[in-house]
Amino acid sequence: MALSLIPHLTLAASAVLALCAPGDARAVEPASLLALSSKSPAPPWPAGDERGMANTLGEATTLRCGWHLSQRGGRTYEASFVRSNAMPKSPFANPSLSKPKPTAGVPFSAHAFNSEAFDAGAEPQQQGTQIDALGHFASIASPWDPKNPFSADGASYYGGYKQKDVKPTADSPLLKLGIEKIPPLITTAVLLDAKTFVGKGRAMGDGEVVTAAHIEGMLKAQGLGKRGILPGDMVWIYTGWSEGWKDGDDGARYYAMAPGLAVDAAKLLATKRIVAIGLDAPFIDAVPGGMLQGKAPPAQGTEPGLPFSIHHYMLSVFGIHHLENLNLAAMAADRVWTSCAMALPSRDQGAAGAVVRPVAVGLPGQR
C-alpha cells in the first residue's frame with residue numbers, strides 16, 4: 001500500500017467508526033472523504049486518451065466506496081436482470097439465444113461437464129443488462145438518406161478519433177475505444193428516484209425525459225443536496241420502466257419505447273464528471289412510441305439529426321459510459337440513495353459493448 005494513502009485511510013476509518021452505529025442509515029459520506037473530490041482529475045485529458053471520464057477514478061472514489069462497504073447493516077443489491085432466452089430483446093441486435101449442450105465426458109477420465117452455445121449471429125453484448133464502449137457510437141457530417149448506401153468514412157468518435165483510427169475496415173474490431181479500455185468501475189453510485197419525483201409514484205412513460213432540473217430536485221428531495229454528484233460517481237436513475245421487463249410476449253413493449261435522459265441533464269452530468277450513467281430502461285435516450293418505426297418524432301429537446309442525442313453526447317463527446325437495462329427497483333424501495341457500486345465489463349478486445357453484472361453495497365433506509 002502506498003504510504004501516501006495511510007493518512008487518508010486513517011481519517012476514513014475514524015469517520016466510519018463514528019458514523020456506522022447500528023440503524024444509522026446515512027446517505028452522505030463524511031466531509032473528510034467528500035473533500036478529497038476536489039483533487040479528482042478533470043479534463044482535458046492527455047492526447048490519445050481512450051478512458052474518458054473513467055480518468056476520474058482514483059483515491060477519492062476508492063475511499064468513498066470503502067466507507068460504504070464498512071457500514072454495519074449494509075446490503076448487497078443486484079442491479080442486473082437475469083438473462084434468458086425469453087427476456088425482452090433489443091431491436092438493434094440479433095437475439096442472444098443460448099442452446100444447452102448435452103452433458104459430455106472427457107475421454108479416459110471420470111469427469112462429466114456441461115456448457116452452452118449461442119446461435120449463429122447472436123449479439124449478447126447488446127442484449128440484457130449491458131455496458132457500451134466509447135466506440136459504440138460516432139457521428140457523421142450529415143444525416144444519412146437510406147436511399148443511398150451508408151458510408152462511415154470520416155465518422156468522428158470520442159477524443160477526435162476518426163473511422164480510419166477506430167474501425168478501418170468492415171470486418172475490423174474496434175482498434176480504439178473498445179470495451180477492453182474500460183477500467184473496473186468500482187466507485188460510489190448515486191441512485192435518483194425519478195418514478196417518485198418525476199412520475200409522482202407512477203412509472204415514467206415512453207418519451208418522457210429526466211431533465212437537469214429534475215436531477216437537482218431529486219438530489220434535494222433525497223437529502224443529497226449538499227453532497228451533490230461528485231467526480232467519478234456513477235449515476236443510476238430509477239424510472240420504473242423496468243416494471244415492464246417480463247418474459248415472452250408480455251415484455252414486447254419494453255424495447256419498443258421508453259423514457260430517458262434529457263439533453264440538458266446529460267450536459268449537467270458531464271459537468272459533474274460522472275464516470276457512467278445508468279437507467280432501468282433500454283436506451284438511456286427517451287424513445288416515444290412509434291419513433292423506432294418512423295411514425296413519431298424523437299422526444300422533445302432532442303437535437304436535430306441526432307435522435308439518440310444522449311448516446312452522442314455521453315459516449316462520443318463526454319466519454320461517459322452507458323449502463324442499460326439496470327434492475328433498480330429493490331434499491332429504490334429500500335431507499336439506498338448512495339452505495340459502493342461495481343461494474344466489471346468483460347475484456348473482449350475490440351468489442352463495442354459487454355454483458356455486465358453491476359452490484360451495489362449500501363445501507364437501506366437512507367434519509
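Let me start in the loop between helix H2, residues 31-34, and helix H3, residues 59-70, which is where Pro44 sits. The peptide bond that joins Pro43 and Pro44 is cis, with omega at about 10 degrees. Phe108 is not a glycine, yet its phi is positive, about 65 degrees. For context, most peptide bonds are trans, and most residues other than glycine have a negative phi.

This is a predicted model, so a word on confidence. The chain has a mean pLDDT of 93, and 93% of its residues reach 70 or more. Residues 1-24 are another matter: there the pLDDT is below 50, and the stretch has 27 contacts in the model beyond near neighbours in sequence.

Next, the open space. The largest pocket has a volume of about 1300 Å³. How many residues line the largest pocket, and which lie nearest its centre? The lining has 41 residues, and nearest the centre are His136, Phe137, Ala138, Phe150 and Phe308. Strand E6, residues 130-132, and helix H8, residues 309-318, are the elements that give two or more residues to this lining. Sorted by class, the pocket lining comes to 23 nonpolar, 14 polar and four charged residues.

Searching the whole structure turns up one cavity of 30 Å³ or more. The volume of the largest cavity is about 60 Å³. It is lined by 13 residues, and those closest to the centre are Leu261, Ala286, Ala299, Thr302 and Ile310. The class count for the cavity lining is eight nonpolar, four polar and one charged.

Helix H6 covers residues 212-221 and helix H7 covers residues 263-271; their axes come within 7 Å and cross at roughly 60 degrees. Why is H6 called oblique to H7? Because angles of 65 to 115 degrees count as roughly perpendicular and those under 35 as roughly parallel, the crossing at roughly 60 degrees makes H6 oblique to H7. On the H6 side the contact is made by Ala212, Ile215 and Glu216, and on the H7 side by Asp264, Ala265, Leu268 and Leu269. By class, the contact of H6 with H7 has five nonpolar residues, two charged and no polar ones.

Definitions and conventions: Residues are numbered from 1 along each chain as its sequence is written. This is a predicted model: local features need pLDDT of at least 70, side-chain atom pairs count only at pLDDT 80 or more; totals for chains, interfaces and linings use all residues. Side-chain values use heavy atoms; hydrogens and water are left out. On a 1 Å grid over the protein atoms alone, a cavity is a set of points where a 1.4 Å probe fits but cannot get out, and a pocket is an open set with protein on both sides within 12 Å along at least five of seven lines; lining residues have an atom within 4 Å of a point. Grid points are joined across faces, edges and corners, and a volume is the space filled by probe spheres set on the points. Helices (H or I, at least four residues) and strands (E, at least two) are DSSP runs, numbered from the N terminus. Ala, Val, Leu, Ile, Met, Phe, Trp, Tyr, Cys and Pro count as nonpolar, Asp, Glu, Lys and Arg as charged, and the others, Gly among them, as polar. Axes are lines fitted to C-alpha atoms, for helices over the stretch in contact, and angles run from 0 to 180 degrees between N-to-C directions. Angles under 35 degrees count as roughly parallel, over 145 as roughly antiparallel, 65 to 115 as roughly perpendicular and the rest as oblique. Contact means heavy atoms within 4.5 Å. pLDDT is the predictor's confidence in each residue, from 0 to 100.
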